[in-house]
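Please keep the structure in view while reading.

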Amino acid sequence: MEDPLPSYSSLEDVFPSNSSNSSNITCDMEAALVARFYPVERIGYLYILFPLTIIGILFNIFNLIIFFDKKFVGPTYLYLKWLAVVDLITLIILSPYCITSYTQPRHFQDAEGRSLYLSHVFIPFANTFATTSILITVTVAIQRLVGIKKPMSVKLYFEKRRVVFSLVLILLIALTINTPNFIVYRTKCGKTDVSVLANTPAFRVYAWFFVITIRILPIIILTVTNALLLHAIKEANARAAKIKGSVDRQQRQEQMVTIMLISVVSLFIIGSLPFVFGYPGIAQLFYGEDGLGKEPYKTHTMIANITETLIYSCSFVLYTAFNTDFRATVRTRLFRIQNQPQSTQHHSDMHGGRSVKNSEAPTQEAELVHLVNSTNNR
């Protein structure tokens with residue numbers, strides 16, 4: 001199978017080594033009208049991955065509808081709000097790939113359009129926003145850990161201006177580290193090709209740097225963060241049992257938010273591992289140097305893309321399962337199911353150390369003070 005295309009987060013050159021000399025070859029329009037892929041890829045991308053991207057787009061729109069509710073304030077929800085935006089953009093960019101790369105073009109202009117999308121939209125921008133999603137996930141996990149370990153310091157370290165600055169910095173880092181993706185890939189005779197730069201030792205060093213810093217290192221950091229969060233829950237339960245005999249409602253609510261984060265991070269780790277082992281430089285150890293264009297490896301990259309897309313698509317499910325405020329807002333905002341009035345509601349803002357009681361009108365300002373310790377993923 002010739003000209004195997006990389007998965008949407010791959011940077012390694014998996015094109016034939018003589019692709020840089022293709023400028024001396026007459027353009028073969030008939031060859032451009034033949035998209036080469038295995039039957040299992042067509043099934044996986046068209047009938048599994050594409051529907052998953054549509055579901056993920058809807059779920060992230062739901063996330064934004066919920067997180068723009070006035071009750072979701074604080075640094076954690078600000079991170080989650082922009083994480084939903086980034087994941088939404090990633091899925092929108094990804095969804096056409098499932099069709100354009102795994103169906104046959106109708107004519108040469110169609111083939112050229114598909115190649116332009118792959119070379120100048122899909123590969124550079126999907127990589128950039130995927131990197132942004134990963135960095136936001138790591139940041140919000142660290143923010144949650146700081147909030148548990150040093151609740152009085154989190155307001156200083158993660159006040160709104162610093163959160164906004166960190167988001168801008170993350171985007172700039174993602175753009176910078178993905179700059180080669182904007183210049184390496186090109187369209188040639190209706191096919192995606194690579195420039196000479198992709199075959200240089202410097203680019204291969206860069207590709208390894210990318211996979212280590214943006215793929216492997218975040219998994220390590222998030223694994224350690226998960227372990228520390230689990231330990232924090234265990235310590236909190238032990239202290240509560242010693243002092244009060246049981247965990248009170250506020251602590252239980254905060255623990256549920258922490259468990260939500262642990263589940264989101266766990267999904268990220270599990271969903272990212274197939275991609276790491278599918279990275280061409282690592283996959284060669286399992287599939288051989290000549291195996292990157294064959295069916296077993298292509299099936300592996302398809303599975304890696306599916307599991308990674310689950311990370312971008314399933315946060316809504318985890319938020320709904322583990323965050324009571326999110327679940328209640330889903331009922332009222334999306335399904336218009338009104339909650340039964342309660343005589344007393346108690347919400348806490350861990351970041352400001354406040355607790356508010358509201359026993360009367362739900363329109364009072366006190367009603368807007370809610371737990372703001374929910375965090376995400378990726």
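L172 is found in helix 6. The model is predicted. L172 also belongs to a nonpolar surface patch of about 780 Å².

**Nonpolar surface patch**

- Besides L172, the patch is made by V121, F125, V164, V168, L171, L175, F182, I183 and L197.
- Helix 6 supplies the largest share, 5 residues.

**Helix 2 with helix 13**

- Helix 2 spans residues 39–67, and helix 13 spans residues 324–334.
- Their axes lie 10 Å apart, and the two helices pack at an angle of about 95°.
- An angle of 65 to 115 degrees counts as roughly perpendicular, so helix 2 and helix 13 are roughly perpendicular to each other.
- On the helix 2 side, the contact is made by F62, N63, I65, I66 and F67.
- Helix 13 contributes F326, T329, V330, R333 and L334 to this contact.
- By type, the residues of the contact of helix 2 with helix 13 divide into 7 nonpolar, 2 polar and 1 charged.

**Helix 12 with helix 13**

- Helix 12 covers residues 315–322.
- The axes of helix 12 and helix 13 come within 5 Å and cross at roughly 110°.
- Helix 12 brings F316, Y319, T320, A321 and F322 to the contact.
- From helix 13 come T324, F326, R327, V330 and L334.
- The residues of the contact of helix 12 with helix 13 divide into 7 nonpolar, 2 polar and 1 charged.

**Residues of helix 13 in both contacts**

- F326, V330 and L334 take part in the contact with helix 2, and F326, V330 and L334 also take part in the contact with helix 12.

Notes:
Residues numbered from 1 in each chain as written. Predicted model: local features only at pLDDT ≥ 70, side-chain atom pairs only at ≥ 80, totals over all residues. Heavy atoms only, no water. Patch = residues over 30% accessible without salt bridge, like charges linked within 9 Å, V, L, I, M, F, W, Y side chains within 5 Å. Areas by Shrake-Rupley, 256 points an atom, 1.4 Å probe, with all protein chains shown as cover. Salt bridge = Lys/Arg side-chain N within 4 Å of Asp/Glu carboxyl O. Helix = DSSP H or I, 4+ residues; strand = E, 2+ residues; numbered from the N terminus. Axes fitted to C-alpha atoms, helices over the stretch in contact; angles between N-to-C directions. Parallel < 35°, antiparallel > 145°, perpendicular 65-115°, else oblique. Contact = heavy atoms within 4.5 Å. Nonpolar A, V, L, I, M, F, W, Y, C, P; charged D, E, K, R; others polar.
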